[in-house]
Every structure is written in C-alpha cells, then in structure tokens.
Amino acid sequence: MDLLFDLGHSRLKWAGWARGRLHAPGAAVWRDEQAAEFCERVLADLEPPRRVAIAAVVRGPLAATLESVVRARWGCPVLRPLSSARCGEVRNGYRDPAQLGFDRWAGLIGAWARSPGRAAVVVDCGSAVTVDGLREDGQHLGGVIFPGLEMMAEAFYARTGLERAVIGSDADVAAGSTADAVAAGARQAVLGGIERAVQAWCQHLPGAALWLTGGAAPGLAPDLPATLQAAPHLVLEGLGQILQREGK
C-alpha cells in the first residue's frame, strides 16, 4: 500500500492508498512541537508503505523533515509532486501552472475523480479559504483566496496592536468582549465570503457539484448551504490520483 501525506499550515493529514481508494485516514496538529519529534511520533503508528507522496503547502522545515524521516525509517521512494499544466482531463487555469497551490490542484483532481465530466466548485477551508471552479470538460477556471478564521483574527490583532489575551468565542454576533467580537466577526466574514463566492461560481457553472473540504470545514458546515457536500479528504484523494498516474 502507498502512503499519502497532506501537510498544511497547522495540520498533517495522512491515509493509505490502494486500488484507487483511501484507507485509515488520520490527522495531527503539529504547530507547537519540534519537527523531527512530531514526524517520528506520527510515523511510529503507521505500517511501512511501498511509496510515499507528500502534498505540502507549508513553508519551513517540516516538509523537508517529514521527507527525511520517511526515507530514514522506511527507505522507500518519496514523491513531492508539484502543480502541473495538466493531470489527465484536468487542466490548470493559472497562467503559470506552478503558482497554483498544490492543495488546490490536488483538490480539483480529487473532485474530478469523484464526478468525472461534471463541473465542480471546490471550497477548501484551512488557514486560508479557497474557492475554485472546474468546468465540465476538466478546465480549471481559477478561484479566489481569502484569510481563514485564525488568519483573519491574527491580522486584526497584528494591525491594531491590541493584546490577544484569550481566544474568543464565535458563537454569537452580540459579543460582549473584544475577543468574542473578533472571533464572531471572522466567522461571519468567512461564511459570507464562501457563500458569495459559491453563488458567483454557480452562475458560471450551473449544476456544478459543490465540495467542502479542509480542517475548518466541519465547524463552518452547519452555517453553510446544505448543497455543499462534505469531502474531508479531497486533497489526499487527488494526491492519490496523481501518484497513481506517476506509477504508470
């Protein structure tokens, strides 16, 4: 079995990959731990794979450390694919295909694999939120990016100089403290941004499948339209498809 990793800004996800399907997906938060110790801890509970593929959008030492620990522990091939102009029927819509974040690229390929020949809108809610459109012939039409919940709150405190003593509750717009008001405001902004972007895409792509993925998606989903279908491992699914093509 192959092993897939999706390394974001605050979370590492993984799953086995065999016969075109994910197996035993897992996830761990890595932000406050030494890179090598974190990687060793995660890998200790995993079976030795045939190959490993890593989707990494995070900058810094963790991606290189993960690759190094995998090679040292298992001695297997490690692939770190990049966004390309084309993968099967899916075609990259960026003028410079390499500039498209690999998580977005893999998510589009995962969406196509779920519904070949159908237009799709992919909403990925992580540290940033992205909303991309895919035409029914596999042509990526581009997308939008805006800050996610935590990034939006961090930007507010950084620009205002206010001290962030606690993380606020986003449960009520009638907030009674600055921390709660910032958290609730960030939530409303993210929800509104997603809804507006999806609405705009649906005008371009009527009948498109609407997919919702990313670490923050479960917390946002209750306040988003029910037409958005949960696909929590869409990036890993796309990465698996890419790895499968690499093996041909």
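The lining of the largest cavity draws at least two residues from each of α3 (102–114), β8 (120–125) and β9 (128–134); helices (H or I, at least four residues) and strands (E, at least two) are DSSP runs, numbered from the N terminus. The model is predicted: local features need pLDDT of at least 70, side-chain atom pairs count only at pLDDT 80 or more, and totals for chains, interfaces and linings use all residues. Residues are numbered from 1 along each chain as its sequence is written, and side-chain values use heavy atoms, with hydrogens and water left out.

**Cavity**
- One cavity of 30 Å³ or more is present; on a 1 Å grid over the protein atoms alone, a cavity is a set of points where a 1.4 Å probe fits but cannot get out, and lining residues have an atom within 4 Å of a point.
- The largest cavity holds about 40 Å³ of space, a volume being the space filled by probe spheres set on the grid points, which are joined across faces, edges and corners.
- Its lining consists of D103, R104, G107, V122, D124, T130, D132, T213 and V235.
- Helix α3 provides the largest share of this lining, three residues.
- Two nonpolar, three polar and four charged residues make up the lining of the largest cavity; Ala, Val, Leu, Ile, Met, Phe, Trp, Tyr, Cys and Pro count as nonpolar, Asp, Glu, Lys and Arg as charged, and the others, Gly among them, as polar.

- The largest pocket has a volume of about 1300 Å³, where a pocket is an open set of points with protein on both sides within 12 Å along at least five of seven lines.
- It is lined by 44 residues, of which G8, H9, V57, G126 and S127 are the closest to its centre.
- The largest share of the lining of the largest pocket, four residues, is supplied by α4, and the residues of this lining divide into 20 nonpolar, 13 polar and eleven charged.
- The second largest pocket contains about 230 Å³ of space; among its 18 lining residues, L212, G214, A217, P218 and P232 are the closest to its centre.
- β2, β11 and α6 (217–220) each give at least two residues to the lining of the second largest pocket.

**Residue G8**
- G8 lies in the loop between β1 and β2 and is buried (under 20% relative accessible area), with a relative accessible area of 17%.
- Beyond residues up to four places away in sequence, G8 touches W30, V57 and V58, contact meaning heavy atoms within 4.5 Å.
- G8 and V58 are 50 residues apart along the chain, and their C-alpha atoms are separated by 5.4 Å.

**Nonpolar cores**
- The largest nonpolar core has 28 residues, and L4, F102, W105, W211 and L239 have the most contacts inside it; such a core is a set of buried Ala, Val, Leu, Ile, Met, Phe, Trp, Tyr and Cys residues joined through side-chain atoms within 4.5 Å.
- Helix α3 gives the largest share of this core, seven residues.
- A second, separate core of 24 residues includes L12, W30, V52 and V70.

**Helix α1**
- The buried residues of α1 (residues 35–43) are A35, F38, C39, V42 and L43.
- These residues lie on the same side of α1 because they cover an arc of only 125° around the axis, the arc being that of the directions from the helix axis to the C-beta atoms.
- The buried residues of α1 pack against β1 (2–7), β2 (11–18), β3 (21–29) and α2 (61–74).

Methods: Buried < 20%, exposed > 50% of the residue type's maximum accessible area, 1.4 Å probe, protein only.
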